[in-house]
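This report describes selected features of the structure shown below. Please keep the sequence and the model at hand while reading.

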Amino acid sequence: MDELKVLLQENLNIEFCQAVLSNPRKKDIAEKVKVRPLLKKDRLIFQIETFCNHQAFHRNADPSEACGLIMEAMENMRQMQMETTKYLYTILVSKKGRVTIKKKASECKRKEIDYSHNRKKHYILEEGIPVPFLKDLGVMTEEGKVVHSRFDKFRQINRFLEFIEDILPELDQDRELTILDFGCGKSYLTFAMYYYLHEKKGYDIRIIGLDLKKDVIRHCSELGRKYGYEKLTFLEGDIAGYKGNERVDMVVTLHACDTATDYALAKAVEWKTKVILSVPCCQHELNGQMENEVLKPIFKYGLIKERMAALVTDALRAEYLEREGYDVQILEFIDMEHTPKNILIRGVRNGKKGENREAVRRCEEFLQVSPTLGRLLE
């Protein structure tokens, strides 16, 4: 780790733009850490923002102290992206502590760095910069101003891109990547993925959006051709029966209804997909199955049982993915005030089978449930 310490000591100065530490070994210590520069009474300090259990903790430090705090945080993190006015660094840390550092030219300019303490939230797709697909989908005006009634959708799109930004080091930049979006619908996030990964980050990607609605597929296909997105394809089809690819690098499911999510996740496991991003919806299956004498007084309240069933469904999905060799996180997609369907399951394949089979079986027996994903993977 000495190489990383030297890198930090050389770059924690006025040329520093930002850093994001992610992919934790232990999620209960920290899920993510962000670092940014501040000017306080003309003195350069660094704000270190640590995210854990849906809370953010802030600490300001001078360059020397900040270096120590970042090094300490990196003992729990597998990766860091650090940007200065000269370079964008990607730092990967192996299980044995071996550090790999990659760098490329930075797009950050010193005059663009905001050193203020209460700065405006930064979005990956910034307001004021027109994005073609956001204009056609009614989220932005011609001048790039976000339509007030669609600001929640704008935030949702940017939040999703933040999840993708976290897993960029897991994606191979030396070949074409295939991404499947099951149940793509109007494809706000499908277009956002293509724009962000291909147009902004320069990845060679092919994205396939799959949905059952003919009119939606036709409209999205027309928009893709309009923007010149040559490797963005929309197909009409069913998740369970899809057999168009043998190798898929990322599987995305956004509000695929009920067990459609399970079929998409099973496909991802079958393909040994590197990254899974799933926002489940309408988890009805277990609501009709769950029975337990101890919990019977609670289950008599239909709304309570329905919500418990949805949470149990997604928790078991996460456990099945861990069993199949994935590091899994259950994350808050957007604030609960906007929608109760706010859970995102993110899985990154590590190839190591989990040892939770017996514990999961006991849980299934306790609740008398047999989820579709568990059956499909068996």
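## Helix α1 on the sheet

In this predicted model, helix α1 (residues 2-11) lies across the strands β1 (16-24), β5 (77-84), β6 (87-93) and β7. The helix runs at about 25 degrees to β5.

## The seven-stranded sheet

Seven strands, in the order β4-β3-β2-β1-β5-β6-β7, form an open sheet with antiparallel pairing. The edges are taken by β4 (55-61) and β7 (99-105); each has a single partner strand, so one side of each is left without a neighbour in the sheet. Direction ignored, neighbouring strands of the sheet are turned by 20 degrees against each other on average.

Within the sheet, the antiparallel strands β2 (residues 32-40) and β3 (residues 43-52) are joined by nine bridges. Val-35 has Ile-48 in β3 as its bridge partner.

## Helix α9

Helix α9 comprises 22 residues (302-323) and reaches 31 Å from its first C-alpha to its last, close to the 32 Å expected at 1.5 Å a residue. Its buried residues include Lys-305, Asp-314, Arg-317 and Arg-323, as well as Val-312, Leu-316 and Tyr-320. Just after α9, Gly-325 adopts a positive phi of about 100 degrees.

## Packing of α9 and α10

Helix α10 (residues 357-367) packs with α9 at an angle of about 155 degrees, the axes being 10 Å apart. Angles over 145 degrees count as roughly antiparallel, and α9 and α10 are therefore roughly antiparallel to each other. The crossing of α9 past α10 is left-handed.

On the α9 side, the contact is made by Val-312, Leu-316, Glu-319, Tyr-320 and Arg-323. The α10 side contributes Arg-357, Val-360, Cys-363, Glu-364 and Leu-367.

Conventions
Residues are numbered from 1 along each chain as its sequence is written. This is a predicted model: local features need pLDDT of at least 70, side-chain atom pairs count only at pLDDT 80 or more; totals for chains, interfaces and linings use all residues. Side-chain values use heavy atoms; hydrogens and water are left out. Helices (H or I, at least four residues) and strands (E, at least two) are DSSP runs, numbered from the N terminus. The expected span of a helix is 1.5 Å times one less than its number of residues. Buried means under 20% relative accessible area, exposed over 50%, partly exposed in between (1.4 Å probe, protein chains only). Two strands pair if DSSP finds at least two bridges between them. Axes are lines fitted to C-alpha atoms, for helices over the stretch in contact, and angles run from 0 to 180 degrees between N-to-C directions. Contact means heavy atoms within 4.5 Å. Angles under 35 degrees count as roughly parallel, over 145 as roughly antiparallel, 65 to 115 as roughly perpendicular and the rest as oblique. A crossing is left-handed if the near helix is turned anticlockwise from the far one by less than a right angle, and right-handed if clockwise.
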